[in-house]
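Visitor: I have a model open and I'd like to learn how to read it. Could you walk me through it?

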Amino acid sequence: MELKKINLAGACESRPMVIAGPCSAETEEQTINTARQLHAQGIKIFRAGVWKPRTKPGGFEGNGEPALEWLKEVKKETGMYVSTEVATAKHVELALKYGIDLLWVGARTTADPFAVQEIADTLKGVDIPVLVKNPVNPDLELWIGALERLNNAGITQLGAIHRGFSSYDKKLYRNLPQWHIPIELHRRLPDLPIVCDPSHISGRRDLIAPLCQQAMDLQFSGLIIESHCDPDKAWSDASQQITPEVLALILNNLVVRTTNASTENITALRKQIDEIDMSVLEILAKRMRISREIGQYKKEHDMPILQSKRYDEIISKRVADGKTMSMGEDFLNTIFEAIHAESVRQQMEIMNK
Ligand code: PEP
Ligand code: MN
């Protein structure tokens with residue numbers, strides 16, 4: 001993929017590059033007020049949704065073209081760069097007409113290759129930064145596919161936004177971070193900047209600060225954070241928006257560790273990690289061998305592979321034990337569900353032999 005650095009002078013040279021603004025441009029007054037306050041706090045790139053993809057009909061779906069006029073006004077008055085979400089060819093045409101500086105593709109749109117292709121086709125020959133949010137479902141290939149469609153259309157100032165992945169049962173987060181997915185994206189495309197969206201991951205104000213810190217510790221390039229002059233009265237995503245003042249506080253307290261510090265001191269520790277990982281693999285292989293023996297026994301005795309009582313027992317006992325060793329419940333569930341799934345797969349192989 002041919003990538004170039006995002007070219008918004010003065011706004012993205014240092015880490016983190018910060019994009020902030022309300023979920024939606026609700027009124028001219030709310031848009032300009034929020035922008036003024038963010039500008040006063042040193043924010044350089046303003047965001048506001050003009051077309052809002054809502055889960056259910058009947059909610060506020062954005063003001064459309066008139067709101068682009070307000071963004072133009074924000075740019076003129078404050079000098080901030082302005083950005084918005086596009087989902088169709090028409091959105092792209094209008095955004096370009098009003099001088100929007102950066103576009104992003106929303107999570108629902110990334111999941112739809114036809115829509116992404118339509119956006120890419122409309123952007124042919126236009127040199128503008130485009131950030132692609134991860135698709136709502138945890139599908140790395142779909143995310144990369146969307147980036148490739150834009151890149152094939154000649155868009156080189158590309159970036160990704162990690163906004164978490166939806167799940168059926170809502171837990172702590174509105175959208176599960178599943179950090180390993182953006183980490184793998186970075187491994188696959190090391191030159192692609194990745195921006196974290198703690199607002200849509202968390203869905204709640206109190207988790208914005210720790211998520212920002214986590215993103216910095218994981219070497220993300222930037223942050224996109226929803227900020228509103230009067231968050232409680234926001235017309236969309238009220239529970240996750242913060243005032244420009246709180247945003248500045250969070251940003252000032254961020255610890256941004258540099259990547260070029262010497263790694264010599266941790267080399268020895270890394271070596272230990274490598275060895276431990278090898279032991280983990282060996283132990284897992286041993287567990288699988290035993291599983292296969294059980295599979296053989298089940299085959300000979302005409303028993304079904306999946307014994308759900310045993311499965312429930314394993315998961316709940318392992319999770320409980322693991323928790324006493326200071327590991328998180330989600331992690332433990334994920335790891336034992338995966339181990340169990342692999343055991344079942346291996347037993348199926350035996351059955352079908
Ligand atoms: C947004 O950024 O306001 C938005 C709609 O985000 P997402 O596509 O991540 O849901
Ligand atoms: Mn939002």
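Guide: Let's start with one cysteine: Cys23 is buried, with a relative accessible area of 2%. Buried means under 20% relative accessible area, exposed over 50%, and partly exposed in between (1.4 Å probe, protein chains only). Some ground rules: this is a predicted model, where local features need pLDDT of at least 70, side-chain atom pairs count only at pLDDT 80 or more, and totals for chains, interfaces and linings use all residues. Residues are numbered from 1 along each chain as its sequence is written, chains are lettered from A and ligands numbered from 1 in the order in which they are written, and side-chain values use heavy atoms, with hydrogens and water left out.

Visitor: How many disulfides does the structure hold?

Guide: A disulfide is a covalent bond between the sulfur atoms of two cysteines; here the test is a pair of cysteine sulfur atoms within 2.5 Å. The structure holds zero of them. Take Cys212: its nearest cysteine sulfur belongs to Cys196, 6.8 Å away. Cys212 is also buried, at 0% relative accessible area.

Visitor: Which protein donors does the manganese ion (ligand 2) have?

Guide: Donors are N, O and S atoms within 2.8 Å of the metal (3.2 Å for Na, K and Ca); water is not among the atoms, so sites may look incomplete. For this ion they are Cys23 (SG), His200 (NE2), Glu226 (OE) and Asp237 (OD), lying 2.1 to 2.4 Å from it. Their spacing in sequence is C-x176-H-x25-E-x10-D. Cys23 sits in the loop between strand 1 (17–21) and helix 1 (28–40), while His200 is in helix 8 (residues 198–202), so the pair links distant parts of the chain, 177 residues apart. Like Cys23, His200 is buried.

Visitor: How do I read a helix, and which residues of helix 7 are buried?

Guide: An α-helix has 3.6 residues a turn, so residues three or four places apart point the same way. Helices (H or I, at least four residues) and strands (E, at least two) are DSSP runs, numbered from the N terminus. In helix 7 (residues 180–188), the buried ones are Ile181, Pro182 and Leu185. They cover an arc of only 95° around the axis, which puts them on the same side of helix 7; the arc is that of the directions from the helix axis to the C-beta atoms. His180 and Arg187 are exposed on the other side.

Visitor: What covers the buried residues of helix 7?

Guide: Counting contact as heavy atoms within 4.5 Å, the cover includes helix 6 (140–152), strand 6 (158–162) and strand 7 (194–196).
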